[in-house]
Amino acid sequence: MAKAKKAVFERLYDDLNRRKYVSPDPLQFLYDYEDSADREIVGLVASSLAYGRVAQILKSVDKVLSAMDGPKKFLESSSFREIKSC
């Protein structure tokens, strides 16, 4: 029985785990980055700002990520003071 349930969930995952189904979720920004470290940072930013109207959330996440010029690079090359002032 457990194997049958797992097979159903695996099939659903294979069928539905597509970029076209993500929008307008803030997690759509994850697809813009190849590096898993960048994706982790983007996920943290998106989840931190995910409150309120979707349109506003997307604008806020885009604004933060645009200022970073590469999330991992930004965090590695910035001091705490610089990050705090953003």
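Visitor: Which atom of aspartate 35 reaches toward the backbone nitrogen of alanine 37 at the start of H2?

Guide: A side-chain oxygen of aspartate 35 comes to within 2.8 Å of that nitrogen. A polar contact is a pair of N or O atoms within 3.5 Å; within protein, one must be able to donate a hydrogen and the other to accept it, and residues adjacent in sequence count only if both atoms are side-chain atoms. The model is predicted: local features need pLDDT of at least 70, side-chain atom pairs count only at pLDDT 80 or more, and totals for chains, interfaces and linings use all residues. Residues are numbered from 1 along each chain as its sequence is written, and side-chain values use heavy atoms, with hydrogens and water left out.

Visitor: How many residues has helix H2, and what is its span?

Guide: Helices are DSSP runs (H or I, at least four residues), numbered from the N terminus. The expected span is 1.5 Å times one less than the number of residues. Helix H2 (residues 36-49) has 14 residues and reaches 20 Å from first C-alpha to last, close to the 20 Å expected.

Visitor: Is serine 78 buried or exposed?

Guide: Buried means under 20% relative accessible area, exposed over 50%, and partly exposed in between (1.4 Å probe, protein chains only). Serine 78 counts as buried because its relative accessibility is 17%. Serine 78 sits in the loop between helix H4 (71-77) and helix H5 (80-85), and a polar atom of its side chain lies 2.6 Å from the backbone oxygen of phenylalanine 74.

Visitor: Where is phenylalanine 9?

Guide: Phenylalanine 9 belongs to helix H1 (residues 2-16). At 57% relative accessibility, phenylalanine 9 counts as exposed.

Definitions and conventions
Helix = DSSP H or I, 4+ residues; strand = E, 2+ residues; numbered from the N terminus.
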